Amino acid sequence: MNITIIDILWWFLSVVAIFSALMMVTSKNPVYSVLWLIATFFAISGHYILLNAQFLAIVNIIVYAGAIMVLFLFVIMLMNLNKETEPQKNRWLKIAGALAGGCLMLILVAALKDAAAKEQVASVNQGNIGLIKNLGKELFTTYVVPFEISSVLFLSAMVGAVVIGKKE
Amino acid sequence: MPILNYIILSIALFSIGIVGVLTRRNAIIIFMCIELMLNAVNLLLVAFSKMHMNTAFKAGDLAGTAGTDGQIFVFFIMVVAAAEVSVGLAIIVMMYRNIHSVDVNFLNRLKQ
Amino acid sequence: MNNALQIVYLIPLLPLLGFLINGLGRNYLSKTLIGLIGSGSILGSLILSIWVFMQVKDGNTFVAEYFNFIAVDKLVIPFALKIDQLSAVFLLIITGVGFLIHVYSASYMHEEKPGHFGRYFAYLNLFVFSMLLLVMGANLVILFIGWEGVGLCSYLLIGYWFKKQEYNKAANKAFIMNRIGDLAFLIAIFWLIARAGTVSFDELFTAVNLAKLSASDITVITLLLFIGATGKSAQIPLYTWLPDAMAGPTPVSALIHAATMVTAGIYMIARSHVLYSMDAAELTRNIITYTGMATALLAATIALKQNDIKKVLAYSTVSQLGFMFVALGTGAYVAAVFHVMTHAFFKALLFLGSGSVIHAMGGEQDIRNMGGLGKKMKITYGTFMVGCIAIAGIPPFSGFFSKDAILLSAFMKSPVLYAVAVFTALLTAFYMFRLLIITFTGKFRGTDEQAHHLHESPMAMTLPLIILAVLSIVGGLVGIPEVIREGGDKLSAFLAPAVSSMPHEHHLSHSDEYLLMGISTGLVLATILAAIMVYRNYQRKEATGFAKVLENKWYVDELYDRIIVQPLHWLGGFLKDIFDLKVVDGLVNGAGRLVNYGSRQLRLLQSGQVGSYVLLMVLSMVLIFAIQFFLRK
């Protein structure tokens, strides 16, 4: 088995993603958590590029890592939450939570390991379905109605955010 | 790349998200964990989309667009996630304003 | 299916229509009209029955299928009517005697209020309808519909005067006792369906289907059918309802005892005689014989000391039914049917006669308060006497021939049985003449008002009496024994295609047969003379000793009360006070308390902590995946 550059990149990105995710969960300071999450998102975007889904990779960076995570940062900064506020209470609940999550992972892996699709391969670094041209065409023809409706969703989310956040 | 790798990676990220939701009490971090879970699912969707494309390729459909739907779905999930985050953060701000904390353990009004 | 007999459905339909019209219009129609509709519908059936009888006599038997009554998988039970020799004879008896009773009723019940008068005739018509359906049904299920119908109608009619609690009790008793028998009958039907797969007489009594039944099947089925028959036909142990059924109006008693209801059991066994004639049914036949004999003897002894004119007749019916069962048990099916016929004539006559007496006495039924009525009521007296002679069995009255046939059959079985049967016949003669003499001769013992009121009944009541008296005299001539006149037994010859008696193992010489007839006739005459001597100067006195036991009907009712009713009451009380309160209520309350306790504990889960909810959710997911995962393995 010869190791290609893609294999190396894949494993590297995977390790980065999982490590950053773990750091995000374990960091005491919320600001660090946000930053680690951004790192995770970048790693996932890297995976998208590996899969030749360039449009999603870019959108992921712009929307998630850019807009959403900055929004998180704003909220944390605005409310002055950037300190280690969480008192270490109820250690058992944490252990139970970690165990439950671990169990879920094990059982999911065990269940899906034997799935019918396990012999299948996701084609890496080829195919043009992830290109903007292709997706855009699909989006504005087949999925044009959901696309337009999603703009209504944004509008209502905007209104909702303003109404909720407004001072009485 | 074998699809099993992607499945296991996604499950790992998803489970980390779950563990975060279960162990952390800071509402913002819980929210971020949810985003992480969404991304894990997105990654798997893209992988599956490419898997379908690969199958179609092997069947000889070189110019086909099999698997596009999966990526469109990811796009829509991002749309919904963005809307969700805007509302969710507004709720967290509201909560902070009312109880001066973002600790979910103070949010036990459901008991009544 | 192009057969004129197809219209036989009109025979049961006419009384049904009469029932509907009278029942629905009871408050609007005049009494005359109700009487006309009630009697007219039966008359129509009678005319059709005579026509059917003529057809059958020409050898035209027939099964008319109309529609599928039940169709489940392979089991198809059509609504079909069977016309053959047996049902034709029963049709004539039912519609003929039934018609006379309807005419009589119109006069007897004339003092009832209009609404109740209509109700009475509606029930009466429904009764006849049910009985017609019973004898015409081409399979056991249709027969069972009629069987239940007569049970229902007897309940309705016995409790006709529902304002008297006693009468309601009598009606309940009749219904419940019948139900016990019906249950056995129903099980027999199920058994037959399960084993033979059919309940249709024509299909069932073929060699192919009979071969499907094992010997034990046949024993069980015949026994169950017989238990059903004991309920309807008032045999030990289910006979006590019949005397109590006297609570109903007298014409109803006549209808129950003579034309319908009690003959149903006889008919059913005669109809399924193929089963009973099989070797495997030997045990059942013996049981039937001895049950019938015991019933006949027991009822006859009770009748000796009864003082209610209708009760005496009721026990005599039970006794005569016992005779019929002896005939069935000894395989003399024709003799049983013959006795049903003659019994229908003279018992209807006796009951209607007693109704005439009760009518004249203003509702009085106690013979101790009667006496000397013969002077005032000549027609009733005369016809009643004919009935008594007929039931006593003096040639050439009808009762002689049919009873002789049964006695002969009993003699073939065993001389002891014969002796008991003759003894019972003597008792019959004795108590009937006791009744006749106490009621119609001697001095009047009632009140002056009653004496003043005494009168002969109107024409509409006496005419049926006269007709029935004539039938009682000549009715036996259709079955003259072969030894007296060659070819005299027309009934056997007629019934032969449908029912034929089992052949006897050995044959009696003619002189022996004459001897037996002579013995029974001589003894009966002597008994009648004795009865006349004993009761010529009847004085009222309290019964003592053994007579008291008889007067109280061997305390059978009390016995049943002690061994069945009271334990049931006790059980009911136990269930109500202990079982229901402690166990049932305990379970119910316990379930409530359990839920209460459980919810109080489960409430603790509802902590309000979002974290714990999510934890539970995740654990549940793990569980679901795990189950999915391990079950697939």
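**Figure 1. Helical order of chain A.** From the N terminus on, chain A runs α-α-α-α-α-α, a secondary structure of six helices and zero strands. Helices (H or I, at least four residues) and strands (E, at least two) are DSSP runs numbered from the N terminus. The model is predicted: local features need pLDDT of at least 70 and side-chain atom pairs count only at pLDDT 80 or more, whereas totals for chains, interfaces and linings use all residues. Residues are numbered from 1 along each chain as its sequence is written, and chains are lettered from A and ligands numbered from 1 in the order in which they are written. Of the 168 residues in chain A, 30% are buried (20 or more other C-beta atoms within 10 Å of the residue's own; exposed, 12 or fewer; partly exposed in between; C-beta atoms placed from the backbone). Among contacts in chain A with a separation of 6 or more, 61% join residues 24 or more positions apart; a contact requires C-beta atoms, placed from the backbone, within 7 Å.

**Figure 2. Contact between chains A and B.** Chain A contributes 66 residues and chain B 60 residues. On the side of chain A, the elements giving two or more residues are α1 (5–26), α2 (30–50), α3 (54–78), α4 (91–113), α5 (132–141) and α6 (144–165). This side comprises 48 nonpolar, 14 polar and four charged residues. Here Ala, Val, Leu, Ile, Met, Phe, Trp, Tyr, Cys and Pro count as nonpolar, Asp, Glu, Lys and Arg as charged, and the others, Gly among them, as polar.

**Figure 3. Packing of α3(A) against α2(B).** Helix α3(A) and helix α2 (residues 27–58) of chain B pack at an angle of about 175 degrees, with axes 12 Å apart. The pair is therefore roughly antiparallel (over 145 degrees; under 35 is roughly parallel, 65 to 115 roughly perpendicular and the rest oblique). Axes are lines fitted to C-alpha atoms, for helices over the stretch in contact, and angles run from 0 to 180 degrees between N-to-C directions. A:Leu56, A:Ile68, A:Phe72, A:Val75 and A:Ile76 of α3(A) meet B:Ile28, B:Met32, B:Glu35 and B:Val46 of α2(B). These residues divide into eight nonpolar, no polar and one charged.

**Figure 4. Surroundings of B:Gln71.** B:Gln71 lies in helix α3 of chain B and is buried, with 27 other C-beta atoms within 10 Å. Leaving out residues up to four places away in sequence, B:Gln71 touches A:Ala53, A:Leu56, A:Ile129, A:Gly130, A:Leu135, B:Val46 and B:Ser49. B:Ala47 is 24 residues from B:Gln71 in sequence, with a C-alpha to C-alpha distance of 9.2 Å. Chain B averages a pLDDT of 85, and 93% of the residues score at least 70; pLDDT is the predictor's confidence in each residue, from 0 to 100.

**Figure 5. Interior of chain C.** Chain C holds 26 helices and two strands, and 50% of its 633 residues are buried. In helix α12 (residues 263–271), nine of nine residues are buried, including C:Tyr267, C:Met268 and C:Arg271. The largest nonpolar core has 198 residues, and C:Ala336, C:Val337 and C:Ala348 have the most contacts inside it. Such a core is a set of buried Ala, Val, Leu, Ile, Met, Phe, Trp, Tyr and Cys residues joined through C-beta atoms within 7 Å. Beyond neighbours within four places in sequence, C:Val337 contacts C:Leu86, C:Val89, C:Ala270, C:Leu495 and C:Val499. Another core, apart from this one, has 74 residues, among them A:Leu13, A:Ala21, A:Ile44 and A:Leu108.

Key
Two residues are in contact if their C-beta atoms, placed from the backbone, lie within 7 Å.
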